[in-house]
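Colleague: Could you take me through this model step by step, giving the rule behind each term as it comes up?

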Amino acid sequence: AGDESPQAADRARRAEAAIYEVYEANGLEALDFDTEIDAAVLGDGCFKVTWDAAEARVRVSAPDVQGIYAWWLGDDVSRVWRVASRYQLDAEEVERLHGVKRSPRLGNSRATVVEAWTAAGFELWIDDQLVESRANPYGFIPFVIYPNLRQPKQFWGMSDMAAIVEPARELNRALSQLSLILELSGNPVAVLENVEDAQDIAVSPGAV
């Protein structure tokens, strides 16, 4: 901070160029919109930032926040020490990505994969079996989790849907009643021909 030397200015320009490169390469404008939808509907959004060794670039993704689990220290929700990501893959994907061949007795059913991250270590679980455990190559947890509406003293946020659930249910009830009235009143009058005697003729909705 406060360094106005040419070297510092050059480093700042290179850092800015790298950030814009990551932004463009990962389509962060669309990805940000996806996480905003997650946050509004589910209550939270999530980014995962990792290094793609095959393409030699930073990769940013938006995992399903419903499969994200977080642990924090005591009553301080700002100090997250562990994050787990749970998702499912086909047997072929598991073998291609992680080199793990599933048992034939499991058939072609999807495998449950869990990535458990701390600042110091990484664990990979497949179908409740630990298949990899090593040091965290980044030195930090590569997830950014943010809430939609922060609740006091809570880590997870609140969805926008909570405020409109009851009005939506009431609207559904009113429309159902209106639909029933229109259905009953819209039925044509039953006309009976060549009938000598009739009593208690029942006409149900939709019957002519």
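Modeller: Let us begin with the largest pocket, which is lined by 26 residues, with Lys-48, Thr-50, Tyr-87, His-98 and Glu-115 lying nearest its centre. On a 1 Å grid over the protein atoms alone, a pocket is an open set of points with protein on both sides within 12 Å along at least five of seven lines, and lining residues have an atom within 4 Å of a point. This is a predicted model, in which local features need pLDDT of at least 70 and side-chain atom pairs count only at pLDDT 80 or more, while totals for chains, interfaces and linings use all residues. Residues are numbered from 1 along each chain as its sequence is written, and side-chain values use heavy atoms, with hydrogens and water left out.

Colleague: Which elements give two or more residues to the lining of the largest pocket?

Modeller: Helices (H or I, at least four residues) and strands (E, at least two) are DSSP runs, numbered from the N terminus. By that rule, the elements that give two or more residues to the lining are strand 1 (44-52), strand 2 (57-61), strand 4, helix 3, strand 5 and strand 7.

Colleague: How do strand 1 and strand 2 pair, and which residue is the bridge partner of Asp-52?

Modeller: Two strands pair if DSSP finds at least two bridges between them, and strand 1 and strand 2 pair in the antiparallel sense over five bridges. They form a hairpin with four residues between them, and Ala-56 in the turn has a positive phi of about 55°. In strand 2, the bridge partner of Asp-52 is Arg-57.

Colleague: Which strands stand at the edges of the open sheet of five strands?

Modeller: The order in this sheet is 3-4-5-6-7, with antiparallel pairing. An edge strand has a single partner strand, so one side of it is left without a neighbour in the sheet, and this holds for strand 3 (68-73) and strand 7 (129-135).

Colleague: Over how many bridges do strand 6 and strand 7 pair, and which residue of strand 7 stands opposite Trp-125?

Modeller: Strand 6 (residues 121-126) pairs with strand 7 in the antiparallel sense over six bridges. The two form a hairpin with two residues between them, where Asp-127 in the turn has a positive phi of about 50°. Glu-123 stands opposite Ser-133 in strand 7, and the residue opposite Trp-125 is Leu-130.

Key: On a 1 Å grid over the protein atoms alone, a cavity is a set of points where a 1.4 Å probe fits but cannot get out, and a pocket is an open set with protein on both sides within 12 Å along at least five of seven lines; lining residues have an atom within 4 Å of a point.
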